[in-house]
There are 2 protein chains.
Amino acid sequence: VNHRHERAVLALERALGPSKVNTERPAREAMARDESETEVTVPRAIVYARDERDVASTLSLCNEHELAVVPRGAGTGRSGGAAVIVPSVVLDTTALRSLKSIDRDEMLAVVEPGLITGALHAQCESEGLFYAPDPQSAPWCTLGGNVAENAGGPRAYAYGVTGDYVLGMRVVTMNGVALSLGRRTAKGVTGYDMTSLMVGSEGTLGVFTELWLRVMALPESVQALLASFENTSAAARAIPMLVRSAAPARCVELLDEHCCAAIRDVDPSVLPTGVRAVLLVEVDGDEHECERRAARVGEALTSAGALEVFASRHGGDRERWWSARRVLSRALRALSAHKVSEDIVVPRTQLARMLDEVRAIAEREQLVMPTYGHAGDGNLHVNILWNDHSERPRVERAIRTLFERTVALGGTLSGEHGIGALKRDYLSLEQSPTVIHAQRAIKHALDPRGLLNPNKVFSSATHRAC
Amino acid sequence: VNHRHERAVLALERALGPSKVNTERPAREAMARDESETEVTVPRAIVYARDERDVASTLSLCNEHELAVVPRGAGTGRSGGAAVIVPSVVLDTTALRSLKSIDRDEMLAVVEPGLITGALHAQCESEGLFYAPDPQSAPWCTLGGNVAENAGGPRAYAYGVTGDYVLGMRVVTMNGVALSLGRRTAKGVTGYDMTSLMVGSEGTLGVFTELWLRVMALPESVQALLASFENTSAAARAIPMLVRSAAPARCVELLDEHCCAAIRDVDPSVLPTGVRAVLLVEVDGDEHECERRAARVGEALTSAGALEVFASRHGGDRERWWSARRVLSRALRALSAHKVSEDIVVPRTQLARMLDEVRAIAEREQLVMPTYGHAGDGNLHVNILWNDHSERPRVERAIRTLFERTVALGGTLSGEHGIGALKRDYLSLEQSPTVIHAQRAIKHALDPRGLLNPNKVFSSATHRAC
């Protein structure tokens with residue numbers, strides 16, 4: 001029992017009222033982990049924030065009592081950003097979930113961080129508007145989590161990632177001070193871009209209480225194309241050709257041979273018969289543009305080596321093809337007890353080579369490593385499946401080799417999941433000590449005691465001044 | 001004579017060789033100012049960096065000798081970002097101007113910061129590629145300056161500002177350490193977004209030595225439309241209607257009645273006869289899309305109250321209409337001895353009201369204030385013309401009132417020129433002391449002695465820890 005921590009929790013109960021502070025063990029256990037395989041510890045308490053004042057009180061009290069805080073949205077993260085790895089209070093922001101306004105003239109949505117991403121999608125679409133970022137977990141994840149991890153999704157190919165849509169925010173730093181950062185106007189460059197610094201900082205620099213998000217006009221029409229390739233390499237080689245052809249796609253997804261086989265095993269009706277490796281592509285625009293773009297992309301896919309290109313004749317085709325991704329999750333879970341889903345990016349020209357490397361690693365370590373992802377951006381989700389604890393050393397070796405090869409090919413450790421806790425120890429493969437030092441200096445500037453989501457992104461060894 | 005500064009300059013000459021360090025007075029005087037009306041002091045020396053090592057040596061020696069450094073590109077900035085306001089060395093980066101590579105598969109251009117923006121435009125276009133940011137000064141300004149100020153331009157309406165195209169960079173901090181920030185891949189969220197922190201930091205956090213810029217496929221075709229309105233207010237009121245209609249424009253520029261009259265006085269052939277206030281709009285796409293978009297935008301402009309809409313029948317029309325902006329600069333200079341060009345942004349629905357405010361300020365202070373700008377983004381360049389020193393107090397009052405009204409209407413002090421030295425004292429109109437404090441903390445983390453472009457963005461009062 002740590003008396004300082006006990007005093008901190010008592011102070012929270014006193015300040016916020018007992019209804020907002022939960023110290024029951026089952027609740028604390030449920031909030032210890034996110035959707036990663038991070039090793040966790042049970043938090044001391046859960047605080048359910050209902051407004052910005054609750055967030056500010058929690059942070060300033062914990063700062064005062066030197067107790068770490070882990071901010072949390074829906075807990076759908078895959079890198080351990082919301083996992084509890086040191087004694088902490090979990091600050092649950094999911095009750096801060098109102099959609100405050102959508103302004104059609106400014107193309108601006110003002111939301112609270114606990115709003116489910118899919119709820120914003122639905123509301124925008126009902127008004128003829130479009131919030132482009134579409135992480136796979138959109139039906140469950142929160143916008144606050146998306147911003148904290150700078151989440152991506154298939155549509156990032158044409159529309160960019162979450163950070164490209166964050167104009168500004170209200171955010172509380174560890175000292176309990178609420179800041180208004182950025183702007184609500186379409187344009188604005190006043191002062192440092194503190195907004196972008198907060199985006200993707202994985203809950204280590206501040207806790208969001210309001211987000212000012214850019215929205216767009218809803219594309220009138222969307223069509224999907226499914227291109228089948230002889231094998232994974234051929235599908236990967238097609239991607240730079242597609243980019244060069246300036247084919248106007250909005251997403252370019254890859255499913256490798258493993259994935260296609262696994263999908264077929266679970267539900268043979270999802271993919272066209274005989275398909276081995278796949279690129280799933282979408283185009284959008286007004287109805288007329290969409291037709292023309294689909295034709296152009298279809299031609300580009302054929303020139304790039306597709307054996308066959310299927311065009312969605314109606315919404316049903318498109319829906320069925322995308323369901324391959326959902327089926328895939330089930331299929332992969334059915335194949336093994338444990339799964340890590342990595343999230344690397346390589347230059348597009350290196351995709352085929354990277355997929356060769358993945359195959360070589362899988363063979364060497366005797367692991368199954370099905371790979372899919374937003375390959376149009378060079379972003380691959382490399383899965384590693386295993387069943388038994390004894391396989392863990394081989395999994396660890398596979399992960400390290402995967403990252404080493406990624407960086408050697410000019411790539412990066414994360415396209416959209418963040419570094420969190422899981423990849424922290426690999427950060428130095430990609431970033432120099434001086435770059436990590438500069439980030440630590442910024443962390444120290446905004447959270448001198450290192451209490452906000454510590455040991456995420458980089459280890460919270462004591463910062464020393466430059 | 002400051003002996004510490006003299007020793008610093010001697011150390012620079014010794015380290016870099018005398019050919020890279022200029023201490024002659026005319027050269028120093030020429031490098032004291034940018035294109036703003038900032039009051040300047042003559043720098044101690046000019047360093048002409050030829051490579052990253054020169055940049056690193058200059059910064060580390062000046063850091064050691066506690067002499068301030070002002071990084072400088074082409075000096076075309078309008079907010080005093082490159083103006084010398086304390087005893088300093090000017091670090092001229094214009095010799096670092098190579099276009100290292102353009103990669104069509106990654107859609108990536110690697111450039112040095114001294115490269116002229118227009119040179120990148122030209123090279124990209126010759127390869128069927130497109131670098132979207134288009135500041136008015138593109139034929140003269142450098143990409144390093146554009147990134148430092150997060151420059152915009154007309155095409156920002158559809159394509160965003162410079163920062164939206166910076167994937168990563170090499171940058172040297174004041175301690176002389178070179179950092180590789182960001183990534184060269186299409187996607188990547190590894191670590192804090194230090195790249196975006198550097199973008200728009202106005203030379204106060206680091207000196208760029210290499211920029212990794214995203215490029216796109218060149219739109220096959222561009223068309224312009226010129227819409228004439230009864231008066232300035234009517235043109236401004238059309239803008240939110242245009243946005244609501246989802247008219248697929250790539251830029252929406254406004255010229256108010258003053259500007260149209262001034263243009264007509266200098267060259268009556270530039271604008272169609274009788275035009276009083278104007279929106280100049282462009283669309284792009286493949287040839288077919290472009291035609292359809294022009295038709296849609298034309299209808300939207302008519303619905304939004306345009307008296308007449310002229311469509312460019314050939315490149316000549318488009319070129320002539322844009323030349324109105326160039327003619328305008330000449331025309332405004334002809335009207336007065338002094339000019340300040342402000343750079344505010346307001347929500348689009350407040351444009352008409354803001355323009356009313358501008359008229360009221362001009363009447364009250366008896367000044368001429370012609371206004372134009374990227375009004376599709378709510379971004380207005382409000383000019384203030386005056387001839388005589390005695391008018392200066394009225395000019396100052398006009399500027400302060402302009403900024404106060406801008407902020408009151410939910411706007412921001414700068415859309416694309418930055419805060420620099422000129423707007424520094426107004427920053428607190430928009431940003432709270434806590435937000436300014438957070439920025440100072442970051443400045444302090446990366447430049448503890450406050451020597452890199454001091455007193456820009458905010459005053460370099462000694463930073464105290466949180």
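Tutor: Happy to! Let's start with helix H10 (residues 287–303) of chain A and helix H10 (residues 287–303) of chain B, whose axes come within 11 Å and cross at roughly 175°. An angle over 145 degrees counts as roughly antiparallel, so H10(A) is roughly antiparallel to H10(B). Please keep in mind that this is a predicted model.

Now look at who does the touching. On H10(A), the contact is made by His288(A), Glu289(A), Arg292(A) and Arg293(A). On H10(B), the residues in this contact are His288(B), Glu289(B), Arg292(B) and Arg293(B). Sorted by class, the contact of H10(A) with H10(B) has six charged residues, two polar ones and no nonpolar ones.

In general, two copies of a chain are related by a rotation about an axis and a shift along it.

Let's step back to a whole chain. Chain A has 15 helices and 19 strands. Its C-alpha atoms fill a box of roughly 65 × 55 × 45 Å, taken along the principal axes. For 466 residues, a compact globule would have a radius of gyration near 23 Å, and chain A agrees because its value is 23 Å.

To finish, let's visit a sheet in chain B. Five strands form an open sheet there, in the order E5-E6-E10-E8-E9, with antiparallel pairing. At its edges are strand E5 (99–103) and strand E9 (178–182) of chain B, each of which pairs on one side only. From one strand to the next, the twist averages 10°. E5(B) runs antiparallel to strand E6 (residues 108–111) of chain B, and four bridges join them. Along that pair, you can find Asp103(B) opposite Leu108(B) in E6(B). A helix also packs on this sheet: helix H3 (residues 52–65) of chain B touches strand E8 (166–172), E9 and strand E10 (207–214) of chain B. The direction of H3 makes about 55° with that of E8(B).

Conventions
Residues are numbered from 1 along each chain as its sequence is written. Chains are lettered from A and ligands numbered from 1 in the order in which they are written. This is a predicted model: local features need pLDDT of at least 70, side-chain atom pairs count only at pLDDT 80 or more; totals for chains, interfaces and linings use all residues. Side-chain values use heavy atoms; hydrogens and water are left out. Axes are lines fitted to C-alpha atoms, for helices over the stretch in contact, and angles run from 0 to 180 degrees between N-to-C directions. Helices (H or I, at least four residues) and strands (E, at least two) are DSSP runs, numbered from the N terminus. Angles under 35 degrees count as roughly parallel, over 145 as roughly antiparallel, 65 to 115 as roughly perpendicular and the rest as oblique. Contact means heavy atoms within 4.5 Å. Ala, Val, Leu, Ile, Met, Phe, Trp, Tyr, Cys and Pro count as nonpolar, Asp, Glu, Lys and Arg as charged, and the others, Gly among them, as polar. Two strands pair if DSSP finds at least two bridges between them. The radius of gyration is taken over C-alpha atoms; the globule rule is 2.2 Å times the number of residues to the power 0.38.
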